[in-house]
Amino acid sequence: MISSVTHERADASGRLSDRIIECCIYALLVFSPLAFGVVHAWSEAVMFVLVAIAWLCLLWKMVSQEQMPIIWSWAYLPIAAFILMALVQLVPLPFDWVAFVSPRTAALKQELLGDLPQGDAILSKMTLSFYPNATRHDLRIAMTLASVFFIVLNVFTDKARIKRLLTVIAAIGGGITVLAIAQVISNADKIYWSVPTAHAFARAGTFVHHSHHGQFVNLSIGAALAIILVTLHEAFTTRKNVTPNDVLEYLGSPAARKVWILICVVIAGVVTIFLSLTRGGMVSLLVAGGVTTLVLGTRGSMRGRGWMMALMCLGAFIIVLYCGFDAVYERLMTLEDWDSAEGGRLDIVKNIGLAWTQFPLFGTGLGTHRVVYPMFDRSTNPLIAGHAENEYAQLVEETGALGLVILLVFGMIVWVCYARAVKTASEPICSAAYGLGFGLVAILVHSLSDFGQHLPANALLSTIFCAIMITLVRPRKPMDTGALCGLRSTRTSRILRKLTFVLSSFAWLWILADANYARIAESYWRPVSQAHRGLTDRQWQGSDVEYSRLAAYATIAARYDPDNVFYSYWSGVYNWYDLSRNVDPARNKIALTDSGLLRSARIVDTMNYSRAICPTFGPAYCVLGELEKYVLGREGGEHHIRVGYRLAPCDPIACFVAGRLDAREGRHQSAQTKLARAIQLDGNLFDEVVAICLDELQDPNFAIRLAEANSGRLAHIAKALSEREFYHSEAKELIERNRRRSLAALKWRCRGDDAPASAYATLGNHYLDEGHTEEAIALFRKALARDYANISLRYRLAQVLEEDGDLAGAMREAKICLRLRANYNPARQLVLKLATLPVKGNTERE
């Protein structure tokens, strides 16, 4: 009697635990896309809390129900190996050990940190990771995803739960696509019509970047396809031969309402991917659709239903054709310029290959791409260093060959399960493998040109898909218990389960505490970012209160997240900005009192601390060198400036500071190279570079060459020359002569198809000034092929087309402007103007 009551209570407790777990997973699936894909520390903290509750509920169920089986899968081994590898990257190891497993890591850290105060103590033990803070962050995410994988594999083990989980994913994806379509129709330029983004339009639903939206929607389409195919398989499970007429008859019945809703979700998802203009999303969708259709057509159990894929694609194409085919077509036509986008994706992969040769086994540390890759980067786009735009390349860079092998083993396990499921899909639930395979193929293809799996919202869906795929393997025994796929069950001892519960509790306490500190630090950093943008717009002309508030908030953020090199570095920079506002007008130099010098010394200590927590963070070396050489008069400043440039050659300030140092030391050729690169990276540095050219290099010709026939820049050079009375009588002739020379060089550069968009646009404006309209229009089109979303240039093209009599072309370009930015009034006025005129297209140009 007592035993029976105990079992009933245990069963009730188990059912309650399962309900809590399911609710946590569903809440997580809803929250993740609504929180912009989980890109902020506060949203990560919410994600960790939900997964921690589900995980601890599952472990409590295993402890309280000793007879509960634990589902075994070989996929646990690569997951555990990956987490163990990240932990090894974080553990401080003796210098000799690091030198043995990663010689370049030990040598580089010794070179960079050897001159630090207490450098010997710091170097006696070191981590394999070059930035432990980023590695800890990515490890938290990896452990969370591993927990979700284990939960799905052990809780969602029966047909009803699997179908319910996939239905929830499809429904959420449908909601996001409806929101995305609404934002496109209303020409919204903000997410939720209220949250501004860095882009001129909000075409990506709740995501900031359209590629991330593309990955999420492709996975949601996969879930919807899975439920559609499972439902159709269940409806015709008693029939051997199913014809298209049978399927059409079923779809016309009331029982097919759910299928029709899911078909609408698929079509809406396809439409939003195309309307978001994500090339990677479009290509991966087409590849995944082709592969899935091919597999459906060749499998006997599903033959005759592959045509549904074509039918849904046809419906989506008709909607895209109606809503915005022109923009989609032009976006697809830019695929030939795929490598030139984002600074050259193939160049990034080549640079990462060079990095991998130096850190082949363990890599540079999980999450360290942002601070390690810049020293291998030779592009002129400082914005691409955050991610590699290629998940596989970044994985090899950060985790080495070991991480790549682990990923390949895990992928092999998942795809073997896929092959087994589609080969003998006698059970209807196993038909879900086709939809899951669609989503995973799309992710594998898209990851070649995007980093969308770094967003937890997308990685979460991929993890769930992999877990369900493994669950769908054919059973070895009849499914009389509701368990699927013949997964082997093991009953561990009660002591081991309790130990696992305790250790997991401590692990989650660490994760939640670390995430909470990061959340608090980010909340203090948010007003810092806002103040930074405001002061930048005003050329850093702010009040004492503004600077004091800026430095105070940055310092507090650095205290809550002390290992964050960006917080530490910028807190020192803001303090220096505040201090350097005290300028002696007579000498035009910074006037520092004794307290100011003491404060400068503390800023130097901050920069040294930044070096210690992230040895490869180049900007810290540049600021350190500047203060040591020009403020405190210490030795070593020149060395630190050069090291900073070597570590961050794509940073405009590092190039500028190093170029100025070379100019003052008489290395003019090297100075010119670095200063020219600084201008390429940040055109706002032009005025300061001109001052160096005239005062340090005494070479006005070089300054004029840097102007590249830009009339505004040439006017500034003329003014600077007149102020200095330097070649004043010859200034006008000199500038005109070099303007002609620069123009000839620009024409030569634009003869091919590999010039940047700015070069084509500059030359096009010159041709307009000379009255060569046709040549200008051709160059503007070349520029827009490189920079599709350049609204000002596109509107300029529309104006030129109108003046040239091509009203149809002008209307077309103006409408594209409005698609890109709905509230762009000049384009709206032009459309209204053209609508009142008889449209006469230039058929020869069209």
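Start with the surface view: the accessible surface of this predicted model comes to about 38000 Å², and carbon and sulfur atoms account for 59% of that area. Now color by burial, and you'll find that 53% of the 846 residues are buried.

Switch to cartoon next. You'll be looking at 35 helices and eight strands. As for how the chain meets itself, take the contacts between residues at least 6 apart in sequence: 71% of them join residues at least 24 apart.

Time to go inside. Select Leu-29, Phe-149, Leu-165, Leu-166, Ile-221, Ile-464 and Ile-468: in the largest nonpolar core, which has 163 residues, these touch the most other members. Then highlight helix H7, residues 132-155, which gives the most to this core, with 14 residues. For a separate stop, pick Leu-277, Ile-777, Ala-814 and Leu-834, which are among the 39 residues of a second core.

Back to Leu-166 for a close-up. Leaving out residues up to four places away in sequence, Leu-166 touches Ala-223, Ala-226, Ile-227, Ala-432, Leu-436 and Ile-468.

Last stop, the cysteines. Cys-622 itself is buried, at 3% relative accessible area.

How values were computed:
Residues numbered from 1 in each chain as written. Predicted model: local features only at pLDDT ≥ 70, side-chain atom pairs only at ≥ 80, totals over all residues. Heavy atoms only, no water. Helix = DSSP H or I, 4+ residues; strand = E, 2+ residues; numbered from the N terminus. Buried < 20%, exposed > 50% of the residue type's maximum accessible area, 1.4 Å probe, protein only. Contact = heavy atoms within 4.5 Å. Areas by Shrake-Rupley, 256 points an atom, 1.4 Å probe, with all protein chains shown as cover. Core = buried A, V, L, I, M, F, W, Y, C linked by side-chain atoms within 4.5 Å.
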